[in-house]
Amino acid sequence: MAGRSVSAQETNKAIENKVKNLLSQMTLEEKIGQMTQVDFTVIGIPKEQNAEDQIDPAKLEDAVLKHHVGSILNTPFTPDNKAQSIEIWRKLTRTVQDAAARTRLKIPVIYGIDAIHGATYTQNSVLFPQAINMAATFNPELAFKEGEITAREVRASGQQWNFSTVMDIGRQPLWPRLWETFGEDVHLATVMGTSYIKGHQGDDFSAADKAPTCLKHYVGYSYPLNGKDRTPAWIGERMLREYFLPTFEAGVKAGSPTVMVNSAEVDGIPGHANYHYLTTILRGELGFKGFTVSDWEDIKRLYTRDKMAASEKEAVKIAVMAGVDMSMVPFDFSFYDLLVELVKSGEVPMSRIDEAVSRILTVKYQAGLFEPKPLLPIDGNFATAEAIETNRHAARESIVLAKNDHNILPLKKDASILVTGPTANLLSVLNGGWTITWQGLAEDLYPQEKLTVLEAIQEKSGGKVTYIGGDSFDAPIDIQKVVDEAKNHDVILLGLGEHPYTETVGNIESLNLDQAQVDLANAAIATGKPVVLLTLGGRPRIITSIAERVSGVILGFLPGMEGGEAIADILYGDYNPNGKLPISYPRNTNGITPYDYKPMESFEANIYNPLYPFGHGLSYTTFETSGLKVEKDKINIGENINVTVSVKNTGALKGKESVLLYINDVAASVTRPNKQLKAFKKVELNPGQAESLSFTLTPHDLSFIGVDLKRIVEPGDFKVMVGNEIVGFTVTK
Ligand code: BGC
């Protein structure tokens with residue numbers, strides 16, 4: 001260990017010297033170029049021309065040699081911003097690097113991409129369950145493996161920087177990016193997010209199969225008051241520090257070298273203008289040493305949208321002085337031109353430019369871009385059988401069985417089944433946004449060998465399978481036909497939910513399902529045949545009245561490219577489900593109280609009454625926890641405390657169970673949540689098998705953000721809760 005840290009220090013020192021040396025040779029224009037990131041469009045041949053070679057050499061020359069751009073992002077636009085073959089990607093990124101190698105100082109361009117559930121924009125890549133599903137696995141090993149596989153496929157595609165992982169906390173279910181988060185809980189999101197980062201970056205992200213990650217969207221983006229994307233959040237600093245900062249802090253500690261800025265605003269200050277967040281807290285408190293990148297066009301928007309700046313030039317000044325190091329401009333060189341002017345006129349000091357550029361160059365050195373290694377061979381590194389198997393495994397663990405009356409599930413293999421509903425026979429609904437295209441909607445571009453839910457059922461079933469539905473999400477379904485056909489079947493599988501969407505495009509006015517889906521559900525239920533409801537989509541749409549009347553409910557969310565098979569595995573009992581909800585599933589549109597609610601949220605007439613609570617998820621076997629014990633009755637402030645509990649498989653089938661440990665600080669100077677998740681472990685047990693689990697609670701686990709906005713532990717009583725048991729201990733001064 002000691003040897004390693006010395007060598008890490010030496011590497012840091014060596015990089016620091018290289019950066020200083022390089023910086024001293026750079027002109028103002030070359031420096032500001034490094035701070036400029038443009039979209040592929042800026043170097044591409046207009047899509048109407050449908051050119052085979054998509055880069056326009058003159059435009060590339062203009063961007064890289066004349067404007068010295070430091071970074072390019074996104075997939076080419078021919079014909080409609082879609083995934084490219086891996087061979088094309090390798091060629092495109094090579095062409096960009098060759099141009100960078102012809103610049104005076106030969107500074108490499110870093111190519112960034114949104115590979116948020118696998119290499120989104122490379123055809124046939126391994127596309128994992130989205131983050132909301134990964135959270136439902138409660139299995140950090142799977143997040144680690146997703147990170148590893150994604151980094152390898154990104155690098156095999158010639159891309160060098162991944163705009164992932166989303167460290168925003170998903171506490172606003174209307175928000176159309178909820179599914180990009182690891183759910184509503186801080187601890188769960190911290191564990192899953194940091195595991196992903198470690199898999200993606202390894203110990204050294206200059207390795208040929210590793211790449212730097214990007215923590216986004218710093219900070220408070222995920223909590224718009226009205227639920228619409230890119231609208232204001234009103235988060236007090238205590239709440240910010242308690243719920244929204246810790247995941248970013250953990251991501252910084254895990255070594256993520258870049259941070260993308262909140263595209264909206266918190267408490268009246270747009271993310272890109274917030275010096276307090278971007279500099280005082282991120283640098284001063286969290287100790288972040290990497291660089292920050294703006295989100296899409298957001299520096300301009302300080303002028304065009306937020307009316308915070310009186311001109312685009314002032315917007316650039318505000319953002320750069322607040323702490324934004326790189327601008328995702330993305331379509332022109334306005335940022336470059338305006339910042340050159342601002343430095344020349346003395347409005348932005350050269351020291352700030354040097355600081356930003358040093359950070360960017362440091363990450364480029366750390367990523368090994370100055371000494372590029374040969375690209376990984378495609379064979380053995382891309383869409384391998386092993387990676388696909390891992391993905392199927394992740395998908396299986398990510399699906400939540402929420403209701404199973406009279407053991408309607410698993411279905412018998414020879415059951416005759418009527419499949420209907422808009423989500424039953426599409427691949428896009430399993431994957432959601434950032435899949436092949438930005439919006440993920442282009443069903444015809446999905447790999448045809450992958451199975452929809454219907455196709456996977458057809459493959460497994462030994463009975464009659466009938467499908468009634470359209471070939472698009474909005475295709476009308478003949479309800480009378482469903483009713484007539486139901487007579488001939490043992491069970492109806494009803495696939496409801498949402499079509500894919502990404503970002504602002506996915507804004508909605510209500511969590512209610514559209515009437516057509518409700519009508520279909522009512523008709524299916526009225527047939528009297530047992531109905532199994534399967535929901536797919538990025539948000540918990542309201543299903544209460546349907547869920548109450550059907551026999552089984554499977555919450556699929558967005559289980560990814562292997563999701564169809566994984567769902568069929570669960571339907572037929574080839575896999576014993578173990579996913580647990582990473583959010584509270586609301587009963588009503590406005591019932592959006594998270595599980596870690598405050599005492600007054602369950603006081604007098606108030607109750608926490610979701611349709612399914614956080615952590616809910618059934619299995620085909622049963623588990624019991626017992627013997628919960630704390631090692632001591634009293635500890636001093638600053639000490640750890642060990643907790644043990646036993647978990648037993650009390651049913652007849654082998655299965656996995658996530659044991660969740662919560663605490664409650666009984667009385668405190670700032671109101672405390674009724675309970676907060678502080679640890680979890682997932683175990684696999686045979687029928688009758690028991691295992692004793694031990695957990696260590698640290699002072700950090702017992703702490704909260706105090707009256708003076710500082711993290712503290714207060715003496716007093718604490719409760720520890722696992723399953724139905726509660727034990728207590730006291731913290732003394
Ligand atoms: C999104 C980011 C994304 C960026 C680049 C933005 O609109 O908010 O999450 O990384 O675009 O595609």
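A polar contact here is a pair of N or O atoms within 3.5 Å; within protein, one atom must be able to donate a hydrogen and the other to accept it, and residues adjacent in sequence count only if both atoms are side-chain atoms. With that in hand, a polar side-chain atom of R177 lies 2.7 Å from an oxygen atom of the ligand.

A word on the ground rules. This is a predicted model, in which local features need pLDDT of at least 70 and side-chain atom pairs count only at pLDDT 80 or more, while totals for chains, interfaces and linings use all residues. Residues are numbered from 1 along each chain as its sequence is written, and side-chain values use heavy atoms, with hydrogens and water left out.

**Around the ligand**

Which residues are closest to the ligand? They are D114, R177, H217, D295 and E503, out of 13 residues that surround the ligand (a residue is near a molecule or strand if one of its heavy atoms lies within 4 Å of it).

| Residue | Distance from a polar side-chain atom to an oxygen atom of the ligand |
|---|---|
| R177 | 2.7 Å |
| R230 | 2.8 Å |
| D295 | 2.6 Å |

R230 also has a protein partner: its side chain meets that of E503 in a salt bridge at 2.7 Å, N to O. The term salt bridge means a side-chain nitrogen of Lys or Arg within 4 Å of a carboxyl oxygen of Asp or Glu.

A cis peptide bond joins K216 and H217, with omega about 5°, and H217 lies in strand β5 (residues 214-218). Helices (H or I, at least four residues) and strands (E, at least two) are DSSP runs, numbered from the N terminus.

Contact, meaning heavy atoms within 4.5 Å, links 40 residues of domain 1 with 42 residues of domain 2.

Between them, domain 1 and domain 2 bury about 3,200 Å², with 57% of it on carbon and sulfur atoms. Buried area is the accessible area (1.4 Å probe) that two parts lose on being put together, summed over both. On the domain 1 side, L174, W179 and E184 lose the most area to domain 2, together 19% of what that side buries.

The rules find four salt bridges across this interface, along with 23 residue pairs in polar contact, both residues at pLDDT 80 or more. Helix α5 (residues 131-137) supplies the largest share of the domain 1 side that touches domain 2, namely four residues.

**Elsewhere in the model**

In total the structure holds 50 salt bridges. In one of them, the side chains of R672 and E242 meet at 2.4 Å, N to O. R672 lies in the loop between β20 (655-665) and β21 (676-685) and E242 in helix α8 (residues 237-253), so this pair ties together parts that are 430 residues apart in sequence.

Another cis peptide bond joins L409 and P410, with omega about -5°; P410 sits in the loop between β11 (400-404) and β12 (417-420).
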